[in-house]
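Please keep the sequence and the model side by side while reading.

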Amino acid sequence: MIPEPAGASSHAWAAIAYRPGQRSRDNDRFGYPSCMGKQEARGAGSGGEARGGGGVSLREFAADVRAGLSKQGQRELPSKYFYDEVGSALFEAISVLPEYGLTRADERIVRAHADEIVSRVPSPAIVAELGSGSGRKPRWILGSLGRREPAVYYPIDISPAALARCEWELSRIPSVRIIGMLNPYLEGLKEVASRRKDGQRILVLFLGSTIGNFDRPVGEQFLGQVRSALLPGDALLLGTDLEKPIPQMLAAYDDPVGVTAAFNLNLLARINRELGGDFDLRRWRHAARWDEQQRRIEMHLVSQERQTVRIPRAGVEVSFRQDETIWTENSHKYTPDLVASMAQRAGFRCEAQWSDEEWPFAESFLIAISPDPSR
Ligand SMILES: C[S@@+](CC[C@H](N)C(=O)[O-])C[C@H]1O[C@@H](n2cnc3c(N)ncnc32)[C@H](O)[C@@H]1O
């Protein structure tokens, strides 16, 4: 996490703190599972490491690339590496595509129910957002909370570019102070929890259906770990994309303009930039697939021909067959009941759920409950 300098306004401080690629004093430890959930939770890297454009240690990036591309069978890359400066900007573009209704649905629900959401969290409260991205969605919640009491908002993200944008977007909300955390989800949340003052409640936001990037059991386990960082009575607002007709879901991840394709291909470009790889992007194409059994959209990069790729800083040389793919992201789809039962098993009670009429999406308001003493 980035330390707060005494007396500095959070805006000025963050503008200094998030220059892409710059290291913060306390931010030498990354290692929480990727957005994807296809890889294991792992120990943190050591201090003093070089960082790439996404703020993640190059050593960890190289190790993950080596492990994912050396796999026998399906090769894969963790989706958390999408979000360097270029990837974060491309994600912003995706979020305004007509085919990608998810972000607008999420925003509509949060906006319509912001006052109710805030009224369900007793005063005084602080807000932490996991994978905040550019921070467009929490505006209404923070506005409502700021009208009730002076508040602190902690966006937690591994992308310096996303955090800088988030800070800029939300800097003018009255009575709300922003303290950015350049951290993996749980490290950031634990740090926020350690800063809470007596009697303060935490409202955690996990929006945009980022939970859907985890494999289902890993997602549930992740919710359990979020619960462990909280106290009974704290709240989690969880956004989940719902199942809808397959062509609609596929179009959301394979738009005709090619923005999602660029977002996916940028992962290979990032490997070239940061690890000295020689991926020829013209020999790869983006593909989105629906997995009926797992109820998820998968994103892949498809090798257009037989080829060998060298990535010197990851110490790896990989040969690909024609049509062989690298699996880069999962987006699991849910039903409202599934979300409530998953949350309950993870130690939350579902107190309210709202959905969007235009684009099936659900926002669930969950309360951390006391652990069952009989278990
Ligand atoms: C799909 S975007 C969602 C952004 C925003 N919450 C929204 O709903 O539009 C995911 C965000 O999570 C961040 N992220 C991915 N993996 C992360 C991790 N392990 N820890 C912290 N942030 C992560 C990315 O940098 C990105 O900004």
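## The shell around the ligand

The residues of the shell around the ligand divide into 10 nonpolar, 10 polar and 3 charged, where Ala, Val, Leu, Ile, Met, Phe, Trp, Tyr, Cys and Pro count as nonpolar, Asp, Glu, Lys and Arg as charged, and the others, Gly among them, as polar. Of the 23 residues around the ligand, those that come nearest are Tyr83, Gly131, Gly133, Ser159 and Gly208; a residue is taken as near when its C-beta atom, placed from the backbone, lies within 6 Å. Two or more residues of this shell are given by helix 3 (85-94) and by strand 3 (151-157).

## The model and its confidence

This is a predicted model, in which local features need pLDDT of at least 70 and side-chain atom pairs count only at pLDDT 80 or more, while totals for chains, interfaces and linings use all residues. Residues are numbered from 1 along each chain as its sequence is written.

The mean pLDDT of the protein chain is 87, and 84% of its residues reach 70 or more; pLDDT is the predictor's confidence in each residue, from 0 to 100. Over residues 1-48, however, the pLDDT is below 50, although this stretch has 106 contacts in the model beyond near neighbours in sequence, a contact being two residues whose C-beta atoms, placed from the backbone, lie within 7 Å. Where pLDDT is low, the predicted coordinates should not be read in detail.

## The chain as a whole

The protein chain holds 11 helices and 14 strands, which are DSSP runs numbered from the N terminus (helices H or I, at least four residues; strands E, at least two). Of its 375 residues, 49% are buried, meaning that 20 or more other C-beta atoms lie within 10 Å of their own, whereas 12 or fewer make a residue exposed and counts in between make it partly exposed, with C-beta atoms placed from the backbone. Among the contacts with a separation of 6 or more, 73% join residues 24 or more positions apart.

In strand 7 (residues 235-241), 7 of its 7 residues are buried. In a regular strand the side chains alternate between the two faces of the sheet. Both faces are covered here, with Ala235, Leu237, Gly239 and Asp241 buried on one side and Leu236, Leu238 and Thr240 buried on the other.

Strand 7 runs parallel to strand 6 (residues 201-206), to which 4 bridges join it; pairing requires that DSSP finds at least two bridges between two strands. Phe206 has Leu238 of strand 7 as its bridge partner. With strand 14 (residues 361-368), strand 7 pairs in the antiparallel sense over 7 bridges, and Ala235 has Ile367 as its bridge partner there.

An open sheet of 4 strands has the order 1-12-9-8 with mixed pairing, and its edge strands, each pairing on one side only, are strand 1 (75-76) and strand 8 (284-291). Strand 9 (residues 296-303) and strand 12 pair in the antiparallel sense over 7 bridges, and His332 in strand 12 is the bridge partner of Arg296.

Asn330 lies in strand 12 (residues 325-332) and is buried because 24 other C-beta atoms lie within 10 Å; its C-alpha atom is separated by 7.0 Å from that of Gly212, 118 residues apart along the chain. Trp327 is also found in strand 12, but counts as partly exposed because it has 19 C-beta neighbours inside 10 Å. Not counting residues up to four places away in sequence, Trp327 touches Gln74, Glu76, Glu298 and His300.
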